[in-house]
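These are my notebook entries on a few places that I looked up in the structure. The model itself comes first.

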Amino acid sequence: MGDHFSTSIVSVAIAAAMLGAAVSFPATRVSAQAPAPPGTSLKTPWGEPDLQGIWTEEFDTPLQRPARYANQEFFTEAQRQEMDKQRAAHYGDDPRQERGSATDVGGAYNTSFLTIKRAGSRTSMIVDPPNGRMPPQTPEAQRAAAADREFYLALLQATDTCKNKGAVCAGGKYDPTISPRFSEQPPRYHAGNVARLNRSDGPEDDGLADRCLRSGLPEFGSLFGGSFRRIVQTPGGISIFYDVNQGQGWQRNIVMNGSPHLPAGIHQWFGDSRGRWEGDTLVIDVTNFSPKTEVFGSRENLHLVERWTRTGPDTLAYEALIEDPTAWTRPWTIKQDFARQSDAENRIYYEPRCIEGNFGLPGLLHGRRVEERLFAEGRGPDPRTKDAVGAVQSVATDPLN
């Protein structure tokens, strides 16, 4: 877990580009909803706090605090201006390398495709622990992550990427012998949101984004296309529609009737959300996550306590306590500040629009079978020696990381 966890946590569709850390730069503020007239109560007609509207973060804040800011919770104005200046200098950057190379073809995106934001006031979304960093993983989680990494590297070992000591082979070593582990199943379900295994034996070998899937909560933001949520309230019910990344939208319904969580054996992709009001704050308790989701080492034992509070006509405060005693040594807390967007000038899609995976993924699987057949006939290289992972990564430098 390096410093590259930010609002720009990246999920890239089947076009096959992946940026580990990306550049953001200044832009004009998105048109916000007109302020409510003086004296207007921020309540629904039936008397509940009114959280409705389209909301987004208009500034870029890293998830984890860069080490150089230590215990500094907020940037100074001078620091923000300097970061915006540095970021603006990267506008138009194209991180792809030699034209015609695998990296060039796999790069796919330059900064023209990225969400444009200024630096936020906070040095990190994480506010607890006080150092703005994720707490250490438990020994159990470390062992699981190490097993995942060992398998990942085994499938890469015979490629030129490892031979040339590429970044994605860090911790591994080159061995021209094909790993016998190519025929194995991963140690556990391969849920990496942007990770890919160096084979295409089945859909699960590719990242969730390649299948136009989204791992879901907690939602920290997105590099491509931003991250929006529309909150809709009815008497006794609340729904939140998320429009994130490249059209990998989804929705969640908050159960508000005081009923208990689903039985422990029932797991859902976005968990089971049970809400209640504490004064003007919506508190949502989320459990029952699927083991096929993955949040920095946490899976089915993930537990969230979210707090949504309307702080003004156009502002919404969000806080989430994130815990899993099997993944981290202690709970941790994030905060985000959302601004309301114009209902007239913005639209939010209620169903996923990312469909590339429906067409591209079968092509990847078929292409691998063709390569295997050609190799068996002596008409091509062993596809297990070709890097289908490192060649699709492009990394740019962001002063926030």
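Entry 1, the end of a helix. I began at Gly378, which follows H5 and has a positive phi, near 75°. I take helices (H or I, at least four residues) and strands (E, at least two) as DSSP runs, numbered from the N terminus. The model is predicted, and I therefore note that local features need pLDDT of at least 70 and that side-chain atom pairs count only at pLDDT 80 or more, whereas totals for chains, interfaces and linings use all residues. Residues are numbered from 1 along each chain as its sequence is written, and side-chain values use heavy atoms, with hydrogens and water left out.

I then listed the buried residues of H5, namely Gly357, Leu361, Leu365 and Arg368. Buried means under 20% relative accessible area, exposed over 50% and partly exposed in between, with a 1.4 Å probe and protein chains only. An α-helix has 3.6 residues a turn, so residues three or four places apart point the same way. On the other side of H5 I noted Asn358, Phe359 and His366 as exposed.

I located Asn198 in the loop between helix H4 (160-163) and strand E5 (227-234). Is Asn198 buried or exposed? Asn198 is buried, at a relative accessible area of 1%. Beyond four places in sequence, the residues it touches include Leu155, Arg368 and Ala388, where contact means heavy atoms within 4.5 Å. I recorded two polar contacts (a pair of N or O atoms within 3.5 Å; within protein, one must be able to donate a hydrogen and the other to accept it, and residues adjacent in sequence count only if both atoms are side-chain atoms). The side chain of Asn198 reaches the backbone nitrogen of Ala388 at 2.6 Å, and a polar atom of that side chain lies 3.0 Å from the backbone oxygen of Leu155.

I placed Arg310 in strand E10 (residues 303-312). Arg310 is buried, with a relative accessible area of 13%. Its side chain reaches the backbone oxygen of Gly312 at 2.8 Å and that of Pro313 at 2.7 Å.
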